[in-house]
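Here is a short tour of a single chain, written for someone who likes to know the cut-offs behind each term. Have the viewer open and follow along.

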Amino acid sequence: MGSTSDLPVMEKACKLLNDLKVPFEVNALSAHRTPDAVEAFAKGAKARGVKVIIAAAGMAAALPGVVAASTTLPVIGVPIKGMLDGLDALLSIVQMPPGIPVATVGVNAAMNAAILAVQMLALTDDNVAQRLAEYKATLGQKITKANEELAEVKYEFKTN
């Protein structure tokens, strides 16, 4: 992430990866303040066994693109809401030049970034695929429970 101020958003990704037993790293790296460290991280990631990188940043949001420029690993960008409700970060991450793709999720959508990363890993890891399938199966249960609770809410003109 671009700074530790992004951690409250990125904690959702960390929790999901941890719950699915997917090893991960967490680092604060700034494309503007620590460019050499960003490049070293990105260039050394594959050798450390990293298979997918999630890079989160707000405002100018250069981090995902700078990381993508220094690695052949897939990079998923998470625009962090800051100025302009995160639109500035979203546009910065999504508008990459040809040859430097960054898959981009919605503003503050760290959990979706983690799910996308796990889906990529599941292509070659049956254990991860099984845990992901189990997690995804629970998503429908949450909606079923919500509808059961909504059925108990009474209004004079409510018909269900």
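A few terms need their cut-offs here. Buried means under 20% relative accessible area, exposed means over 50%, and partly exposed is in between, with a 1.4 Å probe and protein chains only. Helices (H or I, at least four residues) and strands (E, at least two) are DSSP runs numbered from the N terminus. The arc is that of the directions from the helix axis to the C-beta atoms, and covering rests on contact, meaning heavy atoms within 4.5 Å.

## The model and its overall layout

This is a predicted model, in which local features need pLDDT of at least 70 and side-chain atom pairs count only at pLDDT 80 or more, while totals for chains, interfaces and linings use all residues. Residues are numbered from 1 along each chain as its sequence is written, and side-chain values use heavy atoms, with hydrogens and water left out.

The chain holds 6 helices and 3 strands, and along the sequence they follow the pattern α-α-β-α-β-α-β-α-α. Its C-alpha trace spans about 60 × 40 × 30 Å along the principal axes. Of the 160 residues in the chain, 36% are buried. Taking contacts between residues at least 6 apart in sequence, 60% join residues at least 24 apart.

## Helix 4 and its cover

Which residues of helix 4 are buried? In this helix, residues 87–94, they are Asp 88, Ala 89 and Ile 93. They cover an arc of only 125° around the axis, which puts them on the same side of helix 4. Their cover includes strand 1 (53–58), helix 3 (63–69), strand 2 (75–80) and strand 3 (103–104).

## Two pockets

Rolling a probe the size of a water molecule over the atoms shows where empty space is left. The search uses a 1 Å grid over the protein atoms alone; a pocket is an open set of points where a 1.4 Å probe fits, with protein on both sides within 12 Å along at least five of seven lines, and lining residues have an atom within 4 Å of a point. Grid points are joined across faces, edges and corners, and a volume is the space filled by probe spheres set on the points.

The largest pocket has about 700 Å³ of space. It is lined by 30 residues, of which Pro 23, Phe 24, Glu 25, Val 50 and Val 52 are the closest to its centre. Helix 1 (7–19), strand 1, helix 3, helix 5 (110–122) and helix 6 (126–151) each supply at least two lining residues. By class, the lining of the largest pocket has 22 nonpolar, 3 polar and 5 charged residues. Here Ala, Val, Leu, Ile, Met, Phe, Trp, Tyr, Cys and Pro count as nonpolar, Asp, Glu, Lys and Arg as charged, and the others, Gly among them, as polar.

The second largest pocket has a volume of about 290 Å³. Among its 18 lining residues, Gly 2, Asp 6, Arg 33, Ala 57 and Gly 58 are the closest to its centre. This lining divides into 8 nonpolar, 7 polar and 3 charged residues.

## Positive phi in two loops

Most residues other than glycine have a negative phi. Leu 84 is not a glycine, yet has a positive phi of about 50°. Leu 84 sits in the loop between strand 2 and helix 4 and is exposed, with a relative accessible area of 65%.

Asn 108, also not a glycine, has a positive phi of about 65°. Its place is the loop between strand 3 and helix 5, and at 28% relative accessibility Asn 108 counts as partly exposed.

In the model, residues 1–143 are 49% helix and 10% strand, and their end C-alpha atoms lie 31 Å apart.

The UniProt annotation "transmembrane region", from an unreviewed entry, covers residues 52–80 and 100–123. Residues 52–80 are 24% helix and 41% strand, with end C-alpha atoms 19 Å apart. Residues 100–123 are 54% helix and 8% strand, with end C-alpha atoms 22 Å apart.

Notes: UniProt positions renumbered as here; feature names shortened; annotations may be inferred.
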